[in-house]
Amino acid sequence: MDNGDLTTLRGKIRSIVRQSVIAGRHATSGEDAARIQDQMVAASESTIMLDIVALLAKHGKEVT
């Protein structure tokens with residue numbers, strides 16, 4: 001994988017983490033913060049995995 005691909009993926013992950021932290025700060029309780037952050041991570045996890053699979057495929061690696 002080239003550096004540009006990894007930089008793009010790193011940027012996406014950092015953005016997701018940043019959004020999760022910001023959302024947690026706006027929660028009214030600790031439970032709300034944890035719930036919001038868990039939901040954001042779960043939703044983002046599949047997106048990140050798809051990006052990783054696409055990068056691997058781009059470079060001729062098969063994912064099963």
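Select Lys58 first: at 55% relative accessibility this residue counts as exposed, where exposed means over 50% relative accessible area, buried under 20% and partly exposed in between, computed with a 1.4 Å probe on protein chains only. The model is a predicted one, in which local features need pLDDT of at least 70 and side-chain atom pairs count only at pLDDT 80 or more, while totals for chains, interfaces and linings use all residues. Residues are numbered from 1 along each chain as its sequence is written, and side-chain values use heavy atoms, with hydrogens and water left out.

Helices here are DSSP runs of H or I with at least four residues, numbered from the N terminus. Asp5 is buried, with a relative accessible area of 12%.

Next, select Asp51 and Lys12, which form a salt bridge with their closest N and O atoms 2.6 Å apart. Asp51 lies in helix 2 and Lys12 in helix 1, 39 residues apart. Asp51 is partly exposed at 23%, and Lys12 is partly exposed at 32%.

Finally, move to Arg35 and Asp32, whose side chains meet in a salt bridge at 3.6 Å, N to O. These residues are 3 apart in helix 2, and therefore separated by about one helical turn. Arg35 is partly exposed at 42%, as is Asp32 at 23%. By this rule the count comes to 3 salt bridges.

Technical notes:
A salt bridge is a side-chain nitrogen of Lys or Arg within 4 Å of a carboxyl oxygen of Asp or Glu. Helices (H or I, at least four residues) and strands (E, at least two) are DSSP runs, numbered from the N terminus.
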